[in-house]
Amino acid sequence: MIKILNIGMNHETAPVALRECLAKESANTDLALATIRELACIKEGLFLSTCNRVETLFTTEEVGEAKSAITSLLSRLGGIPEETFSSVLFIYEDMGAVRHIFRVASSLDSMVVGEPQILGQIKDAYYQAIREKTSGVILNRLMHRAFHVAKRVRTETGISDAAVSVSYAAVELAKKIFHDLKGRQVLLIGAGEMAELAARHLLRQGVGSIRVANRTFHRAVQVAEMFQGSPVSYEEISGQLLEVDIVVSSTASPEYVVTREQVKGSLRKRRNRPLFFIDIAVPRDVEPRVNDLDNVYVYDIDDLKGVIQINMAQRQQEAVKAERIVEEEVIKFEKWLNTLEVVPTIISLKEKAESVRQAELKKSLTSLTALSSSQLEMLEKLTLSITEKIINDPILVLKQKADRPTREMYLDIARRLFKLDEDDDEEQHHGSP
Amino acid sequence: MDVLLFRLALILILVATGGFIVYIIKQHKPVYRWSYRILFAGFLCHSLFIAHQYYAMGVAPVLTMKAALSFFSWTIIGIYLIFHIKFRLMVLGSFIAPLAACLMIISSTIPGAEVHVKPIFRSAWLTIHVGTIFVGNGLFAMTFVAAIMYLIQESQIKNKRLGSLYSRLPSLETLDAINYYALMYGFPFLTMGMISGAIYAQYALGSYWRWDPKEVWSLITWLFYAALLHERLAVGWRGRRAAIMTIVAFSILIFTFVGASLWLSDYHSFRSLGGRAGL
């Protein structure tokens, strides 16, 4: 009886120091897949390695042997003795392994639940396994189902809706204030990683232009070049407040860069157009009382982190829905796996032939009215022997293959040739790339 | 026939309102689509009802409180349907439909009285007067709803408490734009309504202006909206302050519409319109 297993470690089970050992060698995947192909006890295998997880998904008939082979493979790859290792490894078997891979693909097992990268990484891992020919009937089916589950989770739940990074949360807020960011003017005061990230997000949303102010004008010119913006001097900030819509501030200045008086003076001239300050600096650049002014909104780093926390909580709620979808799909997959045995396949082959025979017989009998009972009997015998003869050879082949290692492949092909899985849609036919 | 159409419209509007409320909670798009269709069907029934009444009486059906409320509700829904084409805001229905439904419910609870339509009411000027005033009122109802939505959304963003309505409500800019458009179009209608009313008064009563309480309150309402529009256009008022002012102005409008008609008015009151005294 074939078993599906998953052995590995992720951000929950293993500290980063250990994961690093395995992830740093980019050639590890090739090596792992090559080893998997060599190992007789492993039929199909796939190796997934990202910065948060290292996993081997495989099928085997000799569980004990395969487990120790994979564990020693992992220890060799990372250069870590097996003893240190075994405590951080997780081992999932059968439907546990199926559920796990579905959860990983739908980003339920990620450090940031709902993050979109993992699906791409898992697809890459699968395509690599295909290239190395370590993936077969069961893993092909399993992985395509996993991609399908990920798609369902993404479209049917709001798991990746709300922003969970500071710069992205700021952009989302800007959209709730301005609706459309196209053509809006942005002023970037100071520079820093987070501010630049926010500026990049804003540009992607189509903001009109970015102006950059910096204590040292030279630096302002540099940063402005990065965003095809225009540099302005530090003293011009007051004047710029009349024109811009969004201000991203992240200077190292110990006192406020933008004061309430400054903003208040500009409001009437701005004709009260909304003004949104994103203050990423610590200590803060924008005087908090600026937020009290009408049509002016100030979000500092703590406010943005607060927003993220709410969004995180929302994602957790959506994750409950996603888990239900995963559960549904696990049950479906289990059903399919159970049919991948010789006897059930032969039974459904016979049933299919019989149902075709009955349907065709019924169709013809409506026009063949004047038949005697002996003729009817003949017709019955004739059709029966035709269908039996036709499926006899396929059944013999399947019986012969019952104990061969290629059994799954023959079963899978038989099921496809005779279309024995009714609910089976296009999903698995755009199969192997 | 009349009663049947009215009942049908009422039921459809109530069902649609329920759907819109479910939509804002559950965020299921199909619920929204069906609510919109049902509301549209209700609006059609309601239109037939009003057309039938107009045909039967020869004057816009606003002579009783019952009819006026139903007509008001009809214009609000009509304007929502038009605004939907421009703004495509699904959540707007969840705020507009309950308002329209409320008016319909109040209207349906008022017992219908036999209306005797005096010949003097059968004037084109009266129909123009009533029609423009009600379109104006409907548009102002839209400004009111947009202002309430704006204040909810604004306070969430300002106070950094992003509740469950935050993601459901549109952006501040959109809400302010709805408020602005509805005001821009509503004000000329109100103005036309008052002028045509004066012309009708001259024609029917012999004087343009009689210091009737409803006339006075209408003038106050008009002045409020004129001030609001002026501030918006000339000074650049917008956002929270404009929203609060919108709500104040609409409250005065409602007082003029209901209060002045019921208790204060002389010949504008529904009692006298109903046919016993007045005019």
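Mentor: Happy to! One term to start with: helices (H or I, at least four residues) and strands (E, at least two) are DSSP runs, numbered from the N terminus. This is a predicted model, where local features need pLDDT of at least 70, side-chain atom pairs count only at pLDDT 80 or more, and totals for chains, interfaces and linings use all residues. Residues are numbered from 1 along each chain as its sequence is written, and chains are lettered from A and ligands numbered from 1 in the order in which they are written.

Trainee: Okay, where is B:Arg88?

Mentor: B:Arg88 lies in the chain B loop between α3 (65–87) and α4 (90–109). Its phi is positive, about 55°, although B:Arg88 is not a glycine.

Trainee: Is B:Arg88 buried or exposed?

Mentor: A residue is buried if 20 or more other C-beta atoms lie within 10 Å of its own, exposed if 12 or fewer, and partly exposed in between, with C-beta atoms placed from the backbone. B:Arg88 has 9 other C-beta atoms within 10 Å, so B:Arg88 is exposed.

Trainee: And what about A:Lys133, buried or exposed?

Mentor: A:Lys133 is exposed, because 10 other C-beta atoms lie within 10 Å. You'll find A:Lys133 in the loop between α6 (117–131) and α7 (137–156) of chain A. A:Lys133 is not a glycine either, yet has a positive phi of about 60°.

Trainee: New topic: how many helices and strands does chain B have?

Mentor: Chain B has ten helices and zero strands. Of its 279 residues, 45% count as buried.

Trainee: Which parts of chain B touch chain A?

Mentor: Let me say what touching is: two residues are in contact if their C-beta atoms, placed from the backbone, lie within 7 Å. The contact takes 14 residues from chain B and 16 residues from chain A. On the chain B side, α5 (124–158), α7 (172–205) and α9 (239–264) each supply at least two residues.

Trainee: Let's go to chain A. What is the strand order in the open sheet of six strands?

Mentor: The order is β7-β6-β5-β8-β9-β10 in chain A, with parallel pairing. Two strands pair if DSSP finds at least two bridges between them. The edge strands, β7 (230–233) and β10 (296–300) of chain A, each pair on one side only.

Trainee: How many bridges join β5 to β8 in chain A?

Mentor: Four bridges join β5 (residues 185–189) to β8 (residues 246–249) of chain A, and the two run parallel.

Trainee: What about helix α8 of chain A, how far apart are its end C-alpha atoms?

Mentor: They are 18 Å apart. The expected span is 1.5 Å times one less than the number of residues, so the 13 residues of α8 (residues 166–178) of chain A should span 18 Å, which agrees. Its buried residues include A:Leu173 and A:Phe178. After α8 of chain A comes A:His179, whose phi is positive, near 70°.

Trainee: One last thing: which peptide bond is cis?

Mentor: The bond from A:Val282 to A:Pro283 is cis, with omega near -5°. A:Pro283 lies in the loop between β9 (275–279) and β10 of chain A.
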